[in-house]
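Visitor: I would like to go through this model by its strands, its rings and its charged pairs. Could we begin with the strands?

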Amino acid sequence: MSDWYFEYEIQVNRPGLLGDITSLLGMLGVNIISINGVDEDRRGMLVHTDNDEAIERFRTIVSTMEHINVTKFRQPKLRDRLAIRHGRYIPRDADEKNTFHFVRDELGILVDFMAELFKKEGHKLIGIRGMPRVGKTESIVAASVCANKKWIFLSSTMIKQTVRNKLVGDEFSRNNIFILDGIVTRRSTDERHLQLVREMMNMPCIKVVEHPDMFVQHSEYKIEDFDYIIELRHHTDEEITYEIMEKNHMSESDSFGGFNF
């Protein structure tokens with residue numbers, strides 16, 4: 001029993017085209033889980049069957065249909081499932097395949113994307129880039145809720161600059177989502193905090209680092225250690241720079257002090 005992702009490009013958008021394809025699936029005993037357009041001229045389907053032979057017969061038949069061009073036929077990846085849900089593919093970097101791009105208007109898709117990552121067990125290191133007040137932290141917390149996971153801030157600037165130097169009780173659980181601000185952690189002089197971060201980095205759990213480029217500076221970690229990099233912008237042309245963010249962090253520290261606990 002398995003799921004399959006089938007996507008095709010419409011060559012001639014004639015009446016009854018979708019009906020022909022769905023009828024063919026029905027005759028072969030393949031169940032349709034969901035259907036959606038993934039852009040103006042492409043349509044995707046998530047289907048399920050307990051007979052792989054039926055899938056092969058379907059693939060052979062649709063490849064000969066002159067009004068469509070089959071673009072994808074495979075067991076579904078995370079991006080395929082999200083494309084079906086939201087009607088579009090999440091764009092990713094052409095050169096760095098693990099880098100995904102979002103704008104603030106797409107927070108719902110971003111939360112869904114991260115929640116699916118959070119549901120998977122084991123080690124996963126995720127970096128998220130973005131300017132202040134773009135929605136980084138709120139998206140991480142919302143995704144944790146969607147994934148039914150508890151989130152733990154190791155360092156943050158949500159209220160004041162805060163760094164944790166110890167965890168207690170079930171905070172050590174591998175099922176938790178550990179969140180840290182790369183700028184705050186990198187500027188910390190609290191050795192207990194840095195040791196806690198090292199322990200978390202070695203645990204087989206999910207870690208989310210805001211400002212990963214700053215986090216890896218002057219440390220034993222590299223940007224290549226990240227399994228996923230997410231870039232979140234207010235708009236597609238926004239440049240992500242760190243000068244303003246570092247000044248903001250310094251002014252917050254000077255004005256309010258910080259919490260160490």
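Visitor: Which residue in E3 is the bridge partner of Phe6?

Guide: This is a predicted model. Strand E1 (residues 2–10) pairs with strand E3 (residues 42–49) in the antiparallel sense, over 8 bridges. Within E3, the bridge partner of Phe6 is Met45.

Visitor: How many residues lie between E2 and E3 in their hairpin?

Guide: Strand E2 (residues 31–37) runs antiparallel to E3, and 6 bridges join them. One of the bridge pairs is Gly37 with Arg43 in E3. The number of residues between the two strands of the hairpin is 4.

Visitor: Which residue lies over the face of Phe73?

Guide: Phe73 belongs to one aromatic cluster with Trp4, Phe6, Tyr8 and Phe58. At 4.5 Å from the ring centre of Phe73, over its face, lies Arg59.

Visitor: Is the pair of Phe100 and Tyr228 stacked, edge-to-face or tilted?

Guide: The count of aromatic pairs comes to 10. For Phe100 and Tyr228 the ring centres are 6.2 Å apart and the planes stand at 35 degrees. Stacked requires planes under 30 degrees apart and edge-to-face over 60, so the pair is tilted.

Visitor: Where in the chain are these two rings, and are Phe100 and Tyr228 buried or exposed?

Guide: Phe100 is in strand E5 (residues 99–103) and Tyr228 in strand E12 (residues 228–233), so the pair links parts of the chain 128 residues apart. As for accessibility, both Phe100 and Tyr228 are buried.

Visitor: What separation in sequence does the salt bridge of Asp3 and Arg81 span?

Guide: The side chains of Asp3 and Arg81 meet at 3.4 Å, N to O. Asp3 is part of strand E1 and Arg81 part of helix H3 (residues 78–86), so the pair ties together parts whose separation in sequence is 78 residues.

Visitor: Does Glu106 count as buried or partly exposed?

Guide: Glu106 forms a salt bridge with Arg88, with the closest N and O atoms 3.1 Å apart. Arg88 has a relative accessible area of 25% and is partly exposed. The cut-off for buried is under 20%; Glu106, at 17%, counts as buried.

Visitor: Which residues make the nonpolar surface patch of about 190 Å²?

Guide: One member, Leu18, lies in helix H1 (residues 17–27). Its relative accessibility is 31%, so Leu18 counts as partly exposed. The patch is made by Leu18, Ile32 and Ile35.

Key:
Residues numbered from 1 in each chain as written. Predicted model: local features only at pLDDT ≥ 70, side-chain atom pairs only at ≥ 80, totals over all residues. Heavy atoms only, no water. Phe/Tyr/Trp six-rings, centres within 6.5 Å; stacked < 30°, edge-to-face > 60°. Buried < 20%, exposed > 50% of the residue type's maximum accessible area, 1.4 Å probe, protein only. Lys NZ or Arg CZ within 6 Å of the ring centre and 35° of its normal. Patch = residues over 30% accessible without salt bridge, like charges linked within 9 Å, V, L, I, M, F, W, Y side chains within 5 Å. Areas by Shrake-Rupley, 256 points an atom, 1.4 Å probe, with all protein chains shown as cover. Salt bridge = Lys/Arg side-chain N within 4 Å of Asp/Glu carboxyl O. Pairing = 2+ DSSP bridges.
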